[in-house]
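Thanks for coming. I will take one structure today and go through it piece by piece.

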Amino acid sequence: MVESDGKKRSGVLPDCIEMTEAEPGFTTEINRRSGVNVSLCWQCKTCSGGCPFAEAMDYHPNQIIRLVQLGVKKAALTSSAIWICVGCHTCSTACPQAIDMSAVMDALRQTAIREGAAIAEPHIHDFHKEVVNSIHRYGRTHKLEIMLRYNLARRDPFADFNLGLRMLQKRKLDLLPSKVRRVPDIRKLFKKGKAASHAG
Amino acid sequence: MPGKKNLEFSYFPGCSLETTARENNRSLYTFCERHDIELVELDDWNCCGSSSTHSIDHEPAKWLPTRNLALAPPGRPLMAACPNCHMRLKLAHMMLQQNPEDRKEYKRLWGRDFDPDLRIITFFELLSDLAVAGAFEKQQTGLKGMKIAPYYGCMLARPPMMRHEKNFYGLMEKVLLSLGAEPVKWGYSARCCGTFLAASRPDIVTRTVADIISGAERAKAECIVTACAMCQMNLEIRSRLPGKTPVFHFSELLALSLGIGGGRGWFRRHLIDPRPLLRARKLIG
């Protein structure tokens with residue numbers, strides 16, 4: 001499962017899953033949070049066959065479901081797959097059991113954040129936090145500020161610098177945000193009025 | 001709907017059409033004006049939550065779209081321009097239809113009763129109705145003979161809860177054919193563009209975009225047309241190919257078919273300049 005350069009190959013489960021590491025309560029928790037019964041999955045792999053980003057994932061979508069079925073919590077919560085999945089629903093549309101994969105992935109990410117699991121794709125998480133912060137701040141997304149803050153968060157201030165300039169020239173990026181008038185309406189939807197980056 | 005004048009919709013533009021994809025918004029308005037359709041922007045609308053909110057924060061993701069539902073005046077359907085915004089609004093509406101506890105919370109939050117009959121549609125549903133009414137039939141348009149790759153991205157894929165909702169696969173082909181264009185058959189029309197990975201994992205999306213655009217090129221398309229503003233942006237910003245296949249919003253092509261588009265500043269805003277193609281085809285001066 002690990003190549004000579006130390007990187008894990010995409011889509012390979014461990015030869016042996018130590019069931020002593022499994023936590024049956026984990027399956028129940030993810031079922032509850034996602035509203036999906038993962039035991040409906042019979043591992044036909046249709047999801048992974050159609051997934052446009054499976055190659056970029058450590059575990060493929062059906063394998064993530066397998067880890068949840070078996071209660072192998074740590075491997076599921078620390079996987080890159082749960083962050084690479086964009087929720088495009090290509091898999092769910094084809095799934096013979098109508099499993100809402102996107103809901104399972106949401107439940108896994110949110111559980112990983114809440115329990116402080118090691119996040120395999122911190123940049124993707126940082127980006128989501130900046131989008132959510134922008135919504136918390138303005139009620140709408142302000143793309144220029146999201147990109148600037150995201151670059152600061154990942155300590156790469158000049159990433160996509162040329163692209164940003166071109167987008168500014170083309171007036172694709174606005175300097176000022178478009179805002180809702182009644183921002184308190186938006187803030188009250190966040191727990192204790194806090195946005196993602198403060199809550200962790 | 002066919003034959004009726006002065007159709008009115010509450011209109012949800014969403015963050016992309018409000019800012020980065022303003023040319024999408026303006027061409028959509030222009031198209032609707034010409035078809036005697038009035039769009040009344042939802043007053044003080046907010047972001048639907050986008051992909052990021054449901055990824056990391058359940059509660060605001062659940063409730064953000066509901067504020068927009070509460071802002072929609074009764075008696076007028078709510079139309080969203082962006083397929084993803086539409087999905088978030090529709091899912092929120094379905095959740096409220098199914099769950100009395102959520103309806104109580106909705107009333108507490110927004111001070112009004114939930115409207116179970118509010119019709120929530122996409123721009124594509126409106127187009128579908130216009131197509132059925134024959135709005136695009138037998139027209140000689142400037143799009144005549146233009147080879148176009150229709151790109152739907154993930155708008156054709158929905159979560160299981162929306163399995164039985166209307167889908168519009170083939171609508172772009174049908175409308176383009178009616179307008180005299182030649183939609184090409186190709187393998188990437190429903191390949192997801194990568195959404196937020198374009199910002200957070202550009203290495204992945206650069207490969208995806210190369211697959212999509214070179215697929216269109218192999219099918220001999222002169223341009224690509226998208227159903228979603230996010231797809232349009234991703235195809236433009238992450239293309240590293242030497243070819244310069246332009247990527248249009250569907251609303252832009254619809255406006256062009258009516259002879260509108262030149263001098264409005266829409267095409268100046270594209271990162272892959274479509275003006276050489278449009279001039280060659282005499283669609284703009």
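**A sheet, a helix and a contact**

In chain B, 4 strands make up an open sheet, in the order S6-S5-S7-S8, and their pairing is parallel. Strands S6 (182-183) and S8 (247-249) of chain B are at the edges with a single partner strand each, so one side of each has no neighbour in the sheet. Please keep in mind that this is a predicted model.

Take one pair from that sheet. Strand S5 of chain B, residues 147-151, is joined to S6(B) by 2 bridges, and the two run parallel. One partner in S6(B) is B:Glu182, which is bridged to B:Lys147.

What lies across S5, S7 and S8 of chain B? That is helix H11 of chain B, residues 229-237, which runs at about 165 degrees to S8(B).

Next, helix H4 of chain B, residues 58-71. Its buried residues include B:Trp63, B:Leu64 and B:Arg67. The cover over the buried residues of H4(B) includes elements of chain B, among them strand S1 (7-12) and helix H5 (83-98), and also helix H11 (183-187) of chain A.

That brings in chain A. The domain assignment gives it domain 1 (19-114) and domain 2 (122-199). The centres of these two domains of chain A, taken over C-alpha atoms, are 28 Å apart.

Technical notes
Residues numbered from 1 in each chain as written. Chains lettered and ligands numbered in written order. Predicted model: local features only at pLDDT ≥ 70, side-chain atom pairs only at ≥ 80, totals over all residues. Pairing = 2+ DSSP bridges. Contact = placed C-beta atoms within 7 Å. Axes fitted to C-alpha atoms, helices over the stretch in contact; angles between N-to-C directions. Buried ≥ 20, exposed ≤ 12 C-beta atoms within 10 Å, placed from the backbone. Domains from an automatic or database assignment.
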